[in-house]
Amino acid sequence: MERNFSYEPQGTCSRRIDFALDGDRIRRVAFTGGCHGNLQGIASLLEGMPVDEAIRRLSGIDCRGKGTSCPDQLARALRQATGR
């Protein structure tokens, strides 16, 4: 069963991340704001990926010394949504 989530990232150009999970798999990711082309690419690559794998790959990515990034914020959103 697909579940939809929204997350407000902190410290990034993107203003919102909407995503859907089906069990332990990512079904859809959409960023509002941020670097549109790059974030579309990331979203496309994540479709069908297990949540734990996405968290592992995205956690800790830094954007211009901000201490976080849109991908890192998505990893945080996934952790929050799944309780991991």
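Keep in mind that the model is predicted.

Start with helix 2, residues 51-58. Which of its residues are buried? They are V51, A54, I55 and L58. Those four span an arc of only 100° around the axis, so they sit on the same side of helix 2. An α-helix has 3.6 residues a turn, so residues three or four places apart point the same way.

Now leave the helix. G60 follows helix 2, and its phi is positive, near 85°. Next, R64. This residue lies in the loop between helix 2 and helix 3. Its phi is also positive, near 55°, and R64 is not a glycine. For context, most residues other than glycine have a negative phi. Is R64 buried or exposed? Exposed, at a relative accessible area of 80%.

On to helix 3, residues 70-82. D72 is part of it. With a relative accessible area of 4%, D72 counts as buried, because the cut-off is under 20%. Its side chain makes a polar contact of 2.9 Å with the side chain of R76.

What else does D72 touch, setting aside neighbours within four places in sequence? L58, S59, G60, I61 and G67. Two of those names have come up already. L58 is one of the buried residues of helix 2. G60 is the glycine with the positive phi.

Note on methods: Residues numbered from 1 in each chain as written. Predicted model: local features only at pLDDT ≥ 70, side-chain atom pairs only at ≥ 80, totals over all residues. Heavy atoms only, no water. Helix = DSSP H or I, 4+ residues; strand = E, 2+ residues; numbered from the N terminus. Buried < 20%, exposed > 50% of the residue type's maximum accessible area, 1.4 Å probe, protein only. Polar contact = N/O pair within 3.5 Å; in protein donor to acceptor, adjacent residues only side chain to side chain. Contact = heavy atoms within 4.5 Å. Arc of directions from axis to C-beta.
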